[in-house]
Structure formats: C-alpha cells, structure tokens
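Biologist: Could you take me through this model, question by question?

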Protein chains: 2
Amino acid sequence: MTLHDSPKHNHKHCVNTALAMAQQLCLERGVQLTPIRYQVLELIWASHKAVKAYELLEQVKPLQMAAKPPTIYRALEFLSEQGLIHRVESLNAFIGCRCSNAPHEQLLLICKNCQEVEERTAPKVMQALSEEFNDAGFIVHSKAIEIHGLCSQCAVQL
Amino acid sequence: MTLHDSPKHNHKHCVNTALAMAQQLCLERGVQLTPIRYQVLELIWASHKAVKAYELLEQVKPLQMAAKPPTIYRALEFLSEQGLIHRVESLNAFIGCRCSNAPHEQLLLICKNCQEVEERTAPKVMQALSEEFNDAGFIVHSKAIEIHGLCSQCAVQL
DNA sequence: ATAGTGAATGTTACAGTATAACAAATGAGA
DNA sequence: TCTCATTTGTTATACTGTAACATTCACTAT
Ligand SMILES: [Zn+2]
Ligand SMILES: [Zn+2]
Ligand SMILES: [Zn+2]
Ligand SMILES: [Zn+2]
C-alpha cells in the first residue's frame with residue numbers, strides 16, 4: 001500500500017480538482033487544453049507515481065490512433081509550460097502538479113519503493129537557498145530539487 | 001570570459017589537485033584508477049563545464065581506439081561511485097567533484113550562459129532540508145539539488 | 001607451472017529518450 | 001473566400017544508456 005492508496009486519500013478528488021483547475025487556468029490564459037493534452041494530463045494524474053513519456057505513449061495509443069513520440073512530447077511541453085505538470089529530471093518522468101495556479105518552487109520527495117512523488121513547498125528550504133544564491137552572486141532561473149529515499153508509508157513497512 | 005577563466009583562477013591547480021586526490025583516494029580504498037578511468041576523469045576536469053558522455057567518448061577515441069559507449073559509461077560509473085564526479089541530472093552530464101574525500105551533499109549552481117557548474121556545500125540549506133524530511137517522515141537516500149541561472153560572472157556581463 | 005579466480009575491458013546489439021523538419025488539418029478573423 | 005496562426009500528423013533521426021557475452025590480464029592456490 002502506498003501513501004496515496006491509503007483510505008484517507010481520496011484520489012478521485014485529486015484528479016477532479018487537478019483537471020478542473022487545468023481547464024479553468026487554460027480558459028483564463030486563453031490557451032487550448034485540447035483533447036490530446038487533456039488525455040495526457042489525465043493519464044499523468046492516474047496516480048502519484050512519476051510517469052515516463054513512452055508509457056504515456058502506449059496508454060494514449062488506444063485513444064489516439066496516430067500517437068507518435070512528438071504527440072506526447074508536445075503535450076508534455078505544453079502542460080509543463082502551463083505549470084500543470086513537472087518533469088522529474090532524475091527519472092526522466094513526469095508528475096502532475098497540485099499548485100498550478102501560481103508559479104512556485106518545487107521540492108520533490110521521490111520514493112524508491114513505491115515510486116510515488118510528493119511535491120512540497122518547503123519555504124524554509126527556499127529561504128536558505130535564496131541566501132546561498134546571494135552569497136554566490138547567482139541569479140536563479142529555475143530549480144530542480146529532487147530527493148530520493150523512502151516515503152513515510154514505505155519506511156514503516158520495510 | 002567565465003568564472004573560471006578569470007586571472008584569479010588557476011585551473012591547472014584545480015586539475016592537479018583533483019587528479020592527485022583521485023589517485024590517493026583510490027590507493028587508500030584499494031580500487032583501481034586505470035588508464036581509461038584516469039583519462040575520463042582528466043577530460044571531465046578539462047573545464048568546469050558539465051560534460052556529456054558522448055562528448056567524452058569522442059575525446060577518448062584518439063587515446064583509446066576501442067572506445068565504445070560502455071567504455072565511457074563504465075568509467076563514469078566507477079568515478080561516480082568513488083565520489084570523484086557528480087552526475088548533473090538535469091543536463092545528462094557530468095562534472096568533477098572537488099570534495100571527494102568525504103561523502104557530501106551537493107548543491108549545483110548551473111550557469112545557462114557559460115555552462116559552468118559550481119558545487120556548494122550549503123549547510124544551511126541542508127539543515128532546512130533535514131527538517132523538511134522529518135516533517136514528511138521521509139528517509140533520504142540521495143539528493144539532487146540543481147539550480148539553473150546565471151553565475152556571478154555572466155550576470156554582470158549580460 | 002598451471003589452473004582457477006575476479007576485475008577490467010572489448011564487442012555487438014539493442015533499449016530508451018527526445019527532437020528536427022516538413023506536411024496536413026483546423027479554426028478564427030479579415 | 002482567403003489568410004494566418006495553432007495544432008496535429010508523419011517520417012526520420014539524434015541522443016542517452018544498458019544487456020549480454022567474449023576476452024584479457026594479473027594474482028593466487030594448488
Ligand atoms: Zn491523489
Ligand atoms: Zn513509498
Ligand atoms: Zn578550475
Ligand atoms: Zn556563467
């Protein structure tokens with residue numbers, strides 16, 4: 001059982017919220033959440049595990065006969081630009097983002113056992129990072145903070 | 001001009017120190033810093049820019065006629081295990097590590113302009129991260145903290 | 001000496017990840 | 001209708017990484 005299989009977690013709610021917010025945001029921004037893009041987002045939200053592009057491709061094919069790698073990568077690029085998903089650099093994979101309404105830092109806790117990824121805001125970490133950049137005279141464009149280990153659920157099980 | 005081209009920076013010293021330390025550490029640990037591994041390490045230390053595996057392959061070929069992808073990836077795996085280099089996840093590339101004598105956290109500042117990567121210890125950040133993990137009940141195995149932006153040198157130039 | 005061992009390397013083939021380039025379709029406005 | 005921009009289709013290819021097995025080499029136990 002993973003963190004998000006637990007009875008406490010209503011994943012349907014996660015999905016509905018995420019998809020509704022995506023539609024709302026795209027409407028506000030005047031960008032198109034086309035069927036392909038929507039399907040890819042839905043597939044990514046099927047779980048809290050990071051999903052690989054070619055896994056998505058296989059899953060999309062039954063729905064989109066013509067799906068080829070560019071089909072998926074274009075959808076991923078769009079969703080990423082809109083902040084609806086994040087790329088997990090250390091896994092070559094993608095996860096849905098809960099907090100898409102505003103650009104935000106991301107700290108990803110990646111479980112080696114259940115493969116689930118939890119995104120956290122971690123303001124104290126971000127504050128400490130800012131100080132580090134100032135010391136170094138470094139101007140930040142983007143951050144990828146990816147921590148691998150065992151989530152709380154898996155930690156007690158093993 | 002990059003951070004490490006500046007007159008203040010004696011890169012020969014960087015290289016000599018890194019290679020000498022690598023030899024010393026491998027001796028102490030009873031592992032073999034073979035010619036191939038040494039050459040790859042030397043090539044990585046040719047600059048402070050992150051280097052890609054297939055770039056290394058091209059550069060190694062004149063020295064190692066038989067070099068094929070596994071040649072490079074094996075050397076990279078060894079150097080990585082010994083903490084002599086780090087993989088930059090968000091670039092699929094590698095950089096030399098200055099502080100190989102002890103296992104350590106790594107915070108990488110990656111310049112989009114000059115491609116140089118600076119590794120920092122950032123104890124305050126690591127402390128804040130630890131607190132974050134405790135809150136989340138997460139058990140850490142490894143961290144990849146990669147910050148993209150402009151280094152101090154490039155920031156003033158642009 | 002010689003046969004066995006483990007570590008490193010050679011070699012072939014392939015799996016997995018991602019993008020370039022151009023063509024076709026779609027849809028909204030002039 | 002025509003035009004333009006956006007999206008999607010299509011083909012091909014580039015880039016990144018590994019599996020699997022053969023060979024070499026140095027060291028050691030017989
Ligand atoms: Zn959920
Ligand atoms: Zn887990
Ligand atoms: Zn240097
Ligand atoms: Zn720079």
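**Packing and metal sites**

Modeller: In helix H2 (residues 35-44) of chain A, the buried residues are A:Gln39, A:Val40, A:Leu41, A:Leu43 and A:Ile44, where buried means under 20% relative accessible area, exposed over 50% and partly exposed in between, with a 1.4 Å probe and protein chains only. Helices (H or I, at least four residues) and strands (E, at least two) are DSSP runs, numbered from the N terminus. This is a predicted model, in which local features need pLDDT of at least 70, side-chain atom pairs count only at pLDDT 80 or more, and totals for chains, interfaces and linings use all residues. Residues are numbered from 1 along each chain as its sequence is written, chains are lettered from A and ligands numbered from 1 in the order in which they are written, and side-chain values use heavy atoms, with hydrogens and water left out.

Biologist: Against which elements of chain A do the buried residues of H2(A) pack?

Modeller: Contact here means heavy atoms within 4.5 Å. The partners of these H2(A) residues are strand S1 (85-88), strand S2 (93-96), helix H1 (11-29), helix H3 (53-60) and helix H4 (69-81).

Biologist: Which protein donors hold the zinc ion (ligand 2)?

Modeller: Donors are N, O and S atoms within 2.8 Å of the metal (3.2 Å for Na, K and Ca), and water is not among the atoms, so sites may look incomplete. At 2.2 to 2.4 Å from the zinc ion (ligand 2) lie the SG atoms of A:Cys111, A:Cys114, A:Cys151 and A:Cys154.

Biologist: What geometry does the site of the zinc ion (ligand 4) have?

Modeller: Four donors count as tetrahedral if all angles lie between 85 and 135 degrees. The angles among the four donor atoms of the zinc ion (ligand 4) are 102 to 115°, and the site is tetrahedral.

Definitions and conventions: Four donors count as tetrahedral if all angles lie between 85 and 135 degrees; four count as square planar and six as octahedral if opposite donors are over 155 degrees apart and all others between 65 and 115; anything else is irregular.
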